[in-house]
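Dear colleague,

Please find below the structure that I am handing over to you, together with its sequence. My notes on what was found in it follow directly after.

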Amino acid sequence: MKPNIIIIYADDLGYGDLSCYGAEDIKTINIDSLAEDGIIFNQAYSTSSVCTPARYGMLTGVYPFSNNKIRILPGNAQQCLISKEQITLPKMLKTAGYNSAVIGKWHLGLGDGSIDWNGYIEHTPNDVGFDFSFIFPGTNDRVPSIFVKDHHVYNLEQDDPITVYYGKAEGCPFINEIDTYKNNPEKLKIRSTHGHSDMIVNGAGRIGYMKGGKKAIWKDEELTDTFVNQAKAFIESSGDKPFFLYFAAHQPHVPRIANKRFVGTTELGPRGDVIAEFDYGVGELVSYLKEKDILENTIIIISSDNGPVFDDGYNDHALELTGKHKPTGPFRGGKYSKYEGGVRIPFIVSWKGHLQKSVSPAIISQVDLLASLAKMLNVDLEEKVDSQNMLDALLGKDSIGRREVMFENNNKTTMLRQDQWIFLPRSKSIHSDIPMQRDFGDMPKDQLFNINFDISQQDNLVDNYPEIAKKMSQRLESLGYLDTKSDLYESGK
Ligand code: NG6
Ligand code: CA
């Protein structure tokens with residue numbers, strides 16, 4: 001019997017945020033309990049330290065730096081990065097007889113040229129392999145704050161059509177009809193620290209403007225219950241067919257607004273509380289699988305798109321309230337960055353009755369899920385992808401995994417790891433407006449680290465091992481991933 005597959009993908013959850021990865025001040029009991037029946041990977045990578053590229057890499061098996069357009073998308077992004085012809089995880093699984101759904105955050109664009117929010121929406125997840133989709137289009141801090149179910153906005157009333165606008169307030173044609181950060185501060189439950197000052201939805205400033213769709217607009221506090229209920233209904237609807245569920249949770253991405261059942265359940269303020277809420281959602285899914293008696297026939301993978309961040313634009317005191325808790329564990333950097341904290345993410349493969357509890361040091365990338373699951377199901381992959389078959393590593397039979405892996409940062413600089421060596425090419429920062437607490441790793445000098453001896457990347461060895469740095473730089477260049485045309489390279493700094 002083919003096992004069901006669930007990928008539970010958190011948003012901005014760090015390597016150090018789960019108690020099974022060493023967190024002491026947050027207890028993620030449901031995730032820990034899954035880890036009791038599986039493998040905790042301590043050298044697993046996302047393909048990017050930001051969202052859209054990471055999700056692209058995981059779903060297509062192709063590195064996101066192969067395409068310069070793959071960046072953080074706005075909520076009304078009209079261009080689908082995944083073509084209808086391209087192979088994806090759900091497409092591959094369909095050939096093996098699976099029923100697939102994505103439930104949660106999408107952030108990979110919708111529509112062909114434009115998005116008809118009030119009619120049939122083209123190029124949704126259903127056009128890239130999913131049989132069912134229940135998503136919000138961008139991020140929880142970007143409008144439109146609505147769900148799209150398959151091809152239509154969910155709960156949209158005909159007499160209350162939606163208009164979405166991204167741009168300056170002066171150009172917004174309906175600016176006087178909506179609550180904005182500037183004009184209606186009394187409506188705010190939480191203030192912004194940077195950005196997030198366009199319109200107000202549910203007491204939080206968001207990126208972008210929308211009008212209409214009053215009944216369709218979601219509340220942050222209800223997202224988890226909604227997604228869990230949709231997931232249960234999808235599992236039920238799969239009947240005897242094996243299913244693939246990509247459960248893309250929104251936590252702990254900003255704005256961190258938990259349901260009142262979770263407010264105050266941790267000592268860490270909103271960031272801790274939404275992680276507790278995420279863990280609860282995982283627990284609900286597992287209970288349902290148990291109730292249906294299919295837990296032992298379901299592989300559950302838990303991971304995150306990119307590393308964590310404290311202040312990502314809202315004044316929720318995440319840094320002040322974190323105490324001794326370290327969201328990135330021992331790693332330097334975080335979301336957006338070039339360092340390990342941006343891309344070394346939690347990755348657990350749980351399969352009750354099939355896997356022994358263990359910690360694996362195998363080097364794997366989320367991009368490998370496509371080829372590995374294809375191997376498991378005997379599907380031939382004809383397409384050229386970056387995905388490598390790491391099935392033995394995923395099932396605990398190989399503790400080495402990859403010899404080489406690549407990942408990018410928010411600046412689309414590509415980094416290379418070969419065995420213990422990590423090479424970060426020089427680059428200019430494009431983040432001058434972002435608070436100092438983030439460590440992006442952008443500097444006018446190449447960096448080389450031996451991660452086996454220097455886990456927090458403090459000691460740049462580029463001058464000690466120039467030959468290794470050169471070889472790695474040439475490797476990136478030969479793949480077309482080294483931006484030698486940047487000012488820094490031309491001026492030879
Ligand atoms: C940034 C947002 C940040 C977050 C990020 C995307 C501002 C100032 N910052 O532009 O809050 O939304 O985009 O995060 O608006 S991600 O996890 O989807 O990549
Ligand atoms: Ca993210």
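In strand β14, I348 stands opposite I302. The model is a predicted one, and the description below should be read with that in mind. I348 also stands opposite I40, while S350 of the strand β14 stands opposite I300.

These positions belong to pairings with two strands. Strand β13, residues 298-304, is joined to β14 by four bridges, and the two run antiparallel. Strand β2, residues 38-41, also pairs with β14 in the antiparallel sense, over four bridges. Which way do the residues of β14 point, and are they buried or exposed? Within β14, which covers residues 347-350, F347 and V349 point one way, I348 and S350 point the other way, and all are buried.

Ten strands form an open sheet with mixed pairing, in the order β7-β6-β5-β4-β12-β1-β13-β14-β2-β15. At its edges stand β7 (152-153) and β15 (358-360); each has a single partner strand, so one side of each is left without a neighbour in the sheet.

I turn now to helix α8, which spans residues 369-376. Why is this helix described as largely enclosed by the rest of the structure? The reason is that seven of its eight residues are buried. Those buried residues are L369, L370, A371, S372, L373, A374 and M376. After α8 comes N378, whose phi is positive, near 55 degrees.

The aromatic residues deserve a separate paragraph. A pair of aromatic rings is described by the distance of the centres and the angle of the planes. The structure holds 23 aromatic pairs. One of them joins Y15 and Y21 in an edge-to-face arrangement, with 5.0 Å from centre to centre and 75 degrees between the planes. Both Y15 and Y21 are buried. Elsewhere, ring pairs link F134, F136, F147, Y154, W218 and F227 into a cluster.

How many residues surround ligand 1, and which are the closest? There are 20 residues around ligand 1, the closest being C51, D141, R142, D312 and K335. The side chain of H253 has an N or O atom 3.0 Å from an oxygen atom of ligand 1. In the case of D312, a backbone N or O atom lies 2.8 Å from an oxygen atom of ligand 1. Taken alone, ligand 1 exposes 450 Å², and the protein buries 86% of that.

Finally, I draw your attention to K428, which is found in the loop between β19 (421-424) and β20 (447-450). The relative accessibility of K428 is 46%, so this residue counts as partly exposed, a class that lies between buried, under 20%, and exposed, over 50%. K428 and D279 are 149 residues apart in sequence, and their C-alpha atoms are 38 Å apart in space.

Yours sincerely

Note on methods. Residues are numbered from 1 along each chain as its sequence is written. Chains are lettered from A and ligands numbered from 1 in the order in which they are written. This is a predicted model: local features need pLDDT of at least 70, side-chain atom pairs count only at pLDDT 80 or more; totals for chains, interfaces and linings use all residues. Side-chain values use heavy atoms; hydrogens and water are left out. Buried means under 20% relative accessible area, exposed over 50%, partly exposed in between (1.4 Å probe, protein chains only). Two strands pair if DSSP finds at least two bridges between them. Rings of Phe, Tyr and Trp (its six-membered ring) pair if their centres lie within 6.5 Å; planes under 30 degrees apart count as stacked, over 60 as edge-to-face and the rest as tilted. A residue is near a molecule or strand if one of its heavy atoms lies within 4 Å of it. A polar contact is a pair of N or O atoms within 3.5 Å; within protein, one must be able to donate a hydrogen and the other to accept it, and residues adjacent in sequence count only if both atoms are side-chain atoms. Accessible areas come from the Shrake-Rupley method with a 1.4 Å probe; for residues, only the protein chains shown count as cover.
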